[in-house]
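Trainee: I would like to learn how to read a model like this one, feature by feature. Please give the general idea first and then the case at hand.

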Amino acid sequence: MLHVCLFKRFTLLFFLFVTHVAIAQKAYQIKDIPDPKNNGGGYVSDPDKILGINAVSQLNSTIADFESKTNVQVAVVVVNDFDHDKEDFDFAYELFNTWGIGSKTSNNGLLLFISKERRKYRFITGTGAEGVLPDVKLKHIAEQQLIPAFRENDFATGITNTINAIGEIILKPEHKSELNQLFTQQDSNNDLENFLLPTGIIILLFWGAFKIVNRQAKNATKDKSRSGGDQYEKIGKGCAVAMMITFVTGFIFFFFGGMDLVEKIRSKDVPFILYAILALVLFGRYLFHISALRKIHNDDKNFFNSVSSFHKKNFWLIIFSPLILINMIIYLFKRVKNINRFKAVLDSKGQEMVRLDRDINIEGEPFLTRGQRKEEIVKAYDYDIWESADHKEHIIKAWPAEKYNRYTECPECTFRTYKLNKRITTRAATYSHEGQAKLINECSFCKKTEFIKWITLAMLVESSSSSGSSSGSSSSSSSSSSSSWGGGSSSGGGTGGSW
């Protein structure tokens, strides 16, 4: 019986010893320290539960109040042990700069790092906070508030008293105004550097680009009787404005949670956002000009030549809107693909025939039938007409057009103008009743119609997703408003010691 008791006591002591050694030997690397900003947006990291939940909550609240009043960011890290290959200063200094404590513009951060097992504490300050919290003052606070409590193993009280003492200093009117002035001045300088000048340059460059494109577009569409230039110009401006409004609206509500935009966008981001918007609008203006050229030229060869000429003169536009490069490449492939199409055809005497300019003879008379012309109008076929020099011979060549696959040959007139499964709405659906449509096959030329079936159109339903997603975005945005440090850095200021 005595042996059993001794064995149980020995087992218990051994278990306690092993547990103590395991905990004591746990040494954190920089990457292993939990960032409180990733866990509810706090300021205190206590992975070994040395302080307790109530103390951590109180410290987070106190430090948040400091930051709201002075813009100073304070971080507290308490661990049992850390990397044995580093001294407390090196570890704390690297941790400060890794997290980026404090504002990037004013570097007004402060880190209090504590290792319980090594009995070490270390303050690291950003350059913007060193004037109000010099090393001597921090050392004095540690000796008066932190060390006495730590020697009694009362870490929560020691850290709380230390943070409160620091708060009394930074909240003094003269110190508070000094910190706010530093923050405001450096933020203002940053605005001038990262906002005003780049924004002005971007606006000026895009203004020049739009002016050049508009001038060339005006010259290309000066024959308004054929191109409807006034109408196209109005459509182009309307498209540009619509695209800009759509982009900005989507940008706000999908990326920044609506009304939280002001809190999310920094001044240095404005030039990039402006560039993206103007680049999209310029791309829309470019597409409109290409569309206008298509309207002007019924002849494909003339159209490709006009587009190619425009691209050669304005290749530099890809700097302002990279999307234009994609379209340039697409049209280059189309032009190469049609090289053989526009090669001269030989007549029966071996002489080169002349291709009819369809910008001059739009209807292709007297060579095309009305059915062939209809195929061109619905864009099922493009017809090239070649005529001999003596006007005694002609050859017609058919080429599949943009909507070739949307049509099939009509069983009645045999022209490729027969559209399958065409839906025609006979009664529109509303929020109170269903709608109705019929499905038919129809020929655009001979008007042959084949009824297939009736279709019921579902009633319209009001969507409530917009309000839900809006509120979700808002809550997400507000919860993440303090979910990261400010990108600050330290030059090595601060103090430390042992207890």
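Trainee: What share of the 499 residues in the protein is buried?
Mentor: Buried means under 20% relative accessible area, exposed over 50%, and partly exposed in between, with a 1.4 Å probe and protein chains only. By that cut-off, buried residues make up 40% of the 499 residues. This is a predicted model, in which local features need pLDDT of at least 70, side-chain atom pairs count only at pLDDT 80 or more, and totals for chains, interfaces and linings use all residues. Residues are numbered from 1 along each chain as its sequence is written, and side-chain values use heavy atoms, with hydrogens and water left out.

Trainee: How many helices and strands are there in the protein?
Mentor: Helices (H or I, at least four residues) and strands (E, at least two) are DSSP runs, numbered from the N terminus. The protein has 15 helices and 11 strands.

Trainee: Why does Val77 count as buried?
Mentor: Val77 counts as buried because its relative accessibility is 0%. Val77 lies in strand S2, residues 73–79.

Trainee: Which residues does Val77 touch, not counting those up to four places away in sequence?
Mentor: A contact means heavy atoms within 4.5 Å. Val77 touches Ile33, Ser45, Leu95, Trp99, Leu111, Leu112, Phe113 and Ile114. Ser45 is 32 residues from Val77 in sequence, and their C-alpha atoms are 4.8 Å apart. For the protein, 64% of the contacts between residues at least 6 apart in sequence join residues at least 24 apart.

Trainee: In what order do the 3 strands of the open sheet come?
Mentor: Strands of a sheet pair through backbone hydrogen bonds, either parallel or antiparallel. Two strands count as paired if DSSP finds at least two bridges between them. Here the order is S8-S9-S10, with antiparallel pairing. Strand S8 (418–427) and strand S10 (449–457) are the edge strands, each pairing on one side only. The twist averages 25° from one strand to the next; axes are lines fitted to C-alpha atoms, for helices over the stretch in contact, and angles run from 0 to 180 degrees between N-to-C directions.

Trainee: How many bridges join strand S9 to S10?
Mentor: Strand S9 (residues 435–443) is joined to S10 by 8 bridges. One of the partners in S10 is Leu457, which pairs with Gly435. In the loop between S9 and S10 sits Lys447, which has a positive phi of about 65° although it is not a glycine. Lys447 is exposed, with a relative accessible area of 55%.

Trainee: Which residue takes a positive phi in the hairpin of S6 and S7?
Mentor: His391 does, with phi near 60°, in a hairpin that has 6 residues between the strands. Strand S6 (residues 381–387) and strand S7 (residues 394–400) pair in the antiparallel sense over 7 bridges, and Asp382 has Trp399 as its bridge partner in S7.

Trainee: Where is Lys379, and what is its phi?
Mentor: Lys379 is in the loop between H14 and S6. Its phi is positive, about 65°, although Lys379 is not a glycine. Lys379 is partly exposed, at 34% relative accessible area.

Trainee: Which residues does the cis peptide bond join?
Mentor: The cis bond joins Glu365 and Pro366, with omega about 0°. Pro366 lies in the loop between strand S5 (354–355) and helix H14 (370–377).

Trainee: How many salt bridges does the count come to?
Mentor: A salt bridge is a side-chain nitrogen of Lys or Arg within 4 Å of a carboxyl oxygen of Asp or Glu. By this rule the count is 15. One of them joins Asp81 and Arg118, whose closest N and O atoms are 2.9 Å apart. This pair links distant parts of the chain, 37 residues apart: Asp81 is in the loop between S2 and helix H3 (88–99), and Arg118 is in the loop between strand S3 (109–115) and strand S4 (120–125).

Trainee: Is Asp81 buried or exposed?
Mentor: Asp81 is buried, with a relative accessible area of 5%, whereas Arg118 counts as partly exposed at 25% relative accessibility.
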